[in-house]
Amino acid sequence: MISFSTVACVALRNRLTMTYLLTGAAAPAILLATALPAYAQDAAPAADVTDDSEIVVTALKTGAQQLDKVPVAIQAFSQETLGNRGVRDAADLMQLIPGASQAQEIGAGYRIFSFRGSGAGGAVGDGMIGYYLDDTPFGVPNNQSAPPLQFFDIEQVEVLRGPQGTLYGQGSMGGTIIYRTKNPSLDRITTSGDFELSNTRDSGKLNYRAAGAVSVPLITDKLGIRLSGGYEKRAGYNDIYSGAPVGEPYKTDANNIISKDLQAVILWKPTDRATVRLRAWHFSTDQDYLNVMNSVNPPYAAYQGTIDGYDKRSANYYSGTFTYEFDKLTLTNATSYQDSKPGGFGLALNLGEPLGIGLLVNGGHANNFVNELRLTTSDGGPLHWVGGLFYQKANGYYTFKLDFPTLKSEGETITRTENASIFSEVSYELFDGKLVPLLGLRYVRDKRSSESVSNGVPATSEAEPDALTWRANLAYYATDDWMFFFNAGTGFRSGILQSQAQADAVTADGVPSSLSLTPDKLRNLEIGVKGSFADGKVRVATSVYDIKYTNLQAAFTTSIGLSAFANLGDATTQGVDIELAWDTPLKGLTLSSVANFNTSEFTNVKSAFAGADPRVANGQELYNTPPFNVRFDASFDRKVGEIGVFANASATAVGRARNGDATVDTLDPYELYRASAGIRIDNYEFRIFGENLSDYRGPTSANGPTLLAGPRPLTVGVGLRVNY
């Protein structure tokens, strides 16, 4: 895949250099990576997150644990909490997570997120945040995009911040998000629905969404099935101009999005000890044009000619989990297969004379097979142990095409990976459970290969990286209400593959490189405290962390114009995460806040890399890492007679962040506001809501001065939820 900024650099170079730029096995992996300054470019029970005493999580794979007793930086959000706080996609979810930010955005189906500075190297290589659907990962090689989930049939979301190198392996250096979908009911028929109608400023059409689910017990207490699905259309608000943004636009309200979601879950309990859970899921997002544009206020894209931009994504995801309870052990085997259908994005770029306006297309498809077999202790004794084997085999096929009046170029790449790992964590309760030390290890061995053809020129590369990651934890439960923890751990990510021509060009510029980049690694040290006072009315969770990234992988544009890859050097971040909640004296009113404050910088940057791009020199702040993000929520939920009354208002503030594209050096600090209110009568819930109440337009991400993205404009609407 070719980046916006990489293609835009071509306008400053001759056509021969352009040919070099597009040649190489790893070129498709640099989607949206900045290269040079450019002109264009059994599920846990649901509970509200504000009541830690009732939330149960299973993210540590040793059984159900009370959230406020888990000695790591972890959050959990029920479906009710997500709905009441206006979370409809992953971008909304990030506002609830300390230290989270959006590192990249193209369209509705392609967004990249960052935890604690993990986006500093750009949108290249494997993911830095692990996304799990129940027990198995979602993702393919050389793709950091988050799954474009709809949140209707999610039971709970669990978020682990910091590296998860032992339990979740590579691809989870920054953290892990686990989406737990709802189980069928085995004793009664249940139905639910969610309907919404809204209007977005600058759009001449309405947004609408409908989702529903039905659960049917086929054999009481033994076998059940749950079917769910959703359809959403978000009306476009971006005007399109064929040339300069004057006169009548070529199209109006063009960037509309249609999202579809279908799911089936079967739960079978053949015996009291055995459980089988099967899941099939299909999603698709189909967007006209993209979320990036020349101007966000007013919203328009100019110099588009008659090219119809698009972003299309779809996949089928199949998973199965088998669990068997022995007397003192629990055996779990989880398998999944992901089939990402052909899709991608296309858009027009204006590269000036002599190239003019042309088409850039990135596409491809992928598949991913995963199996994890693990054992955990389940006897309730002081020894807690989990161990297992993990296997993955994945293939990613990527294509690019450039079609300009005076330039035509295309290519394709196949990336294959096959890896296996063994992992284990063990802890022991000392002094009647007051002190609990833990140690975890994971060994992974990966086999990778890449084959590409660009403008008829073939290139191949391969590598077999391996790594040993570890985690050490010490938890001290001082009282029933307060606990302290120390957590240390490491993360690992396999190196990007590139062609010999790319590696030679990078080396010639004085930056050591090879066909396979050195894997980047992470070390995290963290001290935290969780507790409550005032009879549990005030709850606190906070942690201080120190992270060191080693051998960060990044895109590198060489002096001859060849876009390649190199390990830029190291980086550090230090920060504090804060979570607060207060059940106020006013019955039903809860005030809560999450926040992160941090400092970050590049360190030990290779001199030639810094010479080519001084924005990554020693001491410079990391890309995509705002120095703070803060969110305040006021939630009210109380029954008045037979009617339930609820409301939520929130304010989010994000600090100024350095942008990966030099032509938009920084992104301004900003605030977002939203509110909702409604009533519940029997099985019905009516609500009104407003999103982005200040109508802030951004940009909040940028791939160049004419490729800007921001929040959706002010949107107000009404909704209805039904549960039987």
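Trainee: Which residues does UniProt list for "domain: TonB-dependent receptor-like beta-barrel"?

Mentor: Residues 281-693, according to the UniProt record, which is an unreviewed entry. Keep in mind that what we have here is a predicted model.

Trainee: What makes up residues 281-693 in terms of helix and strand?

Mentor: The span is 69% strand and 4% helix, with its end C-alpha atoms 34 Å apart. The chain as a whole has 39 strands and six helices.

Trainee: And which residues does the annotation "domain: TonB-dependent receptor plug" cover?

Mentor: UniProt puts that one, again from an unreviewed entry, on residues 68-176. The make-up there is 34% strand and 10% helix, and the end C-alpha atoms lie 18 Å apart.

Trainee: How do you know whether the radius of gyration agrees with a compact globule?

Mentor: Set the value against the rule: for 724 residues a compact globule would come out near 27 Å, and this chain has 25 Å, so the two agree. The C-alpha atoms fill a box of roughly 70 × 55 × 45 Å along the principal axes. Of the 724 residues, 60% count as buried. Carbon and sulfur atoms own 58% of the accessible surface, which is about 26,900 Å².

Trainee: How many positive and negative side chains are there, and how far apart are the centres of the two sets?

Mentor: 61 positive and 75 negative, with the centres 2 Å apart.

Trainee: Why is strand β3 called largely enclosed?

Mentor: The cut-off for buried is under 20% relative accessible area. Five of the five residues of β3 (residues 74-78) are buried, so the strand is largely enclosed by the rest of the structure. Ile74, Ala76 and Ser78 point one way, Gln75 and Phe77 the other way, and all of them are buried. β3 runs antiparallel to β8 (residues 154-161), with five bridges joining the two; Ser78, for one, has Gln156 as its bridge partner.

Trainee: Which residues of strand β25 are on the covered face, and which on the uncovered one?

Mentor: The covered face of β25 (residues 466-477) has Ala467, Thr469, Arg471, Asn473, Ala475 and Tyr477, while Asp466, Leu468, Trp470, Ala472, Leu474 and Tyr476 make up the uncovered one.

Trainee: Why is Tyr476 called partly exposed?

Mentor: Buried is under 20% and exposed is over 50%. Tyr476 has a relative accessible area of 41%, so it counts as partly exposed. This residue is in β25, and its C-alpha atom is 10.0 Å from that of Glu429, 47 residues away along the chain.

Trainee: What joins β25 to β23 and β26?

Mentor: Eleven bridges join β25 to β23 (residues 435-454), antiparallel, with Val444 partnered by Ala467. Another seven link β25 to β26 (residues 482-493), also antiparallel, and there Asn473 is partnered by Asn487. β25 and β26 form a hairpin, with four residues between them.

Trainee: What makes β13 and β16 edge strands in their sheet?

Mentor: The sheet is open, has mixed pairing, and runs in the order β13-β17-β16. β13 (239-240) and β16 (295-296) each have a single partner strand, so one side of each is left without a neighbour in the sheet. β16 is joined to β17 (residues 299-301) by two antiparallel bridges, and Val296 stands opposite Pro299. Two bridges is enough, because a pair needs at least two.

Terms used
Residues numbered from 1 in each chain as written. Predicted model: local features only at pLDDT ≥ 70, side-chain atom pairs only at ≥ 80, totals over all residues. Heavy atoms only, no water. UniProt positions renumbered as here; feature names shortened; annotations may be inferred. Buried < 20%, exposed > 50% of the residue type's maximum accessible area, 1.4 Å probe, protein only. Rg over C-alpha atoms; globule rule 2.2 N^0.38 Å. Areas by Shrake-Rupley, 256 points an atom, 1.4 Å probe, with all protein chains shown as cover. Lys, Arg positive; Asp, Glu negative; His and termini not counted. Charge placed at Lys NZ, Arg CZ, Asp CG, Glu CD.
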